[in-house]
Amino acid sequence: NAFAAFAEALNKKPALSASIKVQQVGGSAVTYQVAMKKPGFLRVDKPSEIFVADGKQITVFDKKDKVFYKKAQTPEDINLALKDEGLNIVAPFFDA
């Protein structure tokens, strides 16, 4: 199917950057900026936060409260970061 072919092509890329705009019916548009590089590098700029994974550590900046926190990076963290509606389209990039 078309999505499987897209996911396979995406997974073969060494790096990716994209601007993704999502709009639900009757709602306002939300834009995400995504930069990805294998292995385990991810930057996602969401309306509410900036998420950065550098392969070892994750830093999240909360835009509303103007605070950030850091934690050790796990493989599950990347999957969780890409579960947001609109970002799941690029999740196959990191699939093994």
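**Strands 4 and 5.** I started with strand 4 and strand 5, which pair in the antiparallel sense over five bridges; strands count as paired if DSSP finds at least two bridges between them. Strands here are DSSP runs of E with at least two residues, helices are runs of H or I with at least four, and both are numbered from the N terminus. This is a predicted model, so I kept the ground rules at hand: local features need pLDDT of at least 70, side-chain atom pairs count only at pLDDT 80 or more, and totals for chains, interfaces and linings use all residues. Residues are numbered from 1 along each chain as its sequence is written, and side-chain values use heavy atoms, with hydrogens and water left out.

I then looked at the turn. Strand 4 and strand 5 form a hairpin with two residues between them, and Gly-55 in that turn has a positive phi of about 100 degrees.

**Phe-61.** Which residue of strand 5 is the bridge partner of Ile-50? I found Phe-61 there. Phe-61 and Glu-49 sit twelve residues apart in sequence, yet their C-alpha atoms are 5.4 Å apart in space. Leaving aside neighbours within four places in sequence, Phe-61 is in contact (heavy atoms within 4.5 Å) with Ser-48, Glu-49, Ile-50, Lys-66, Val-67 and Phe-68. The scale calls under 20% buried, over 50% exposed and the range in between partly exposed, using a 1.4 Å probe and protein chains only.

**On to strand 6.** Six bridges join strand 5 to strand 6 (residues 67–72), and the two run antiparallel. I noted two bridge partners in strand 6: Tyr-69 for Val-60, and Lys-71 for Ile-58. This hairpin has four residues between its strands, and Lys-66 in the turn has a positive phi of about 55 degrees.

**The core.** Next I looked up the largest nonpolar core, which has 18 residues. Such a core is a set of buried Ala, Val, Leu, Ile, Met, Phe, Trp, Tyr and Cys residues joined through side-chain atoms within 4.5 Å. Val-34, Leu-42 and Phe-51 touch the most other members. Elements giving two or more residues include strand 1 (15–22), strand 3 (41–45) and helix 2 (75–81), while strand 2 gives the largest share, three residues. Beyond four places in sequence, the contacts of Phe-51 include Leu-42, Ile-58, Val-60 and Ala-81.

**Lys-46.** I checked the loop between strand 3 and strand 4, where Lys-46 has its place. Lys-46 is buried, with a relative accessible area of 9%. Apart from neighbours within four places in sequence, Lys-46 is in contact with Tyr-32, Lys-63, Ala-81, Asp-84 and Leu-87.

**Rings.** How many aromatic pairs are there? I count two, with Phe, Tyr and Trp rings (the six-membered one for Trp) pairing if their centres lie within 6.5 Å; planes under 30 degrees apart are stacked, over 60 edge-to-face, and the rest tilted. Phe-3 and Phe-6 have ring centres 6.1 Å apart and planes at 40 degrees, so this pair is tilted. Both lie in helix 1 (residues 2–11), three residues apart, about one turn of the helix. Phe-93 and Phe-94 form an edge-to-face pair, 4.8 Å centre to centre with 90 degrees between the planes. Phe-93 counts as buried at 0% relative accessibility.
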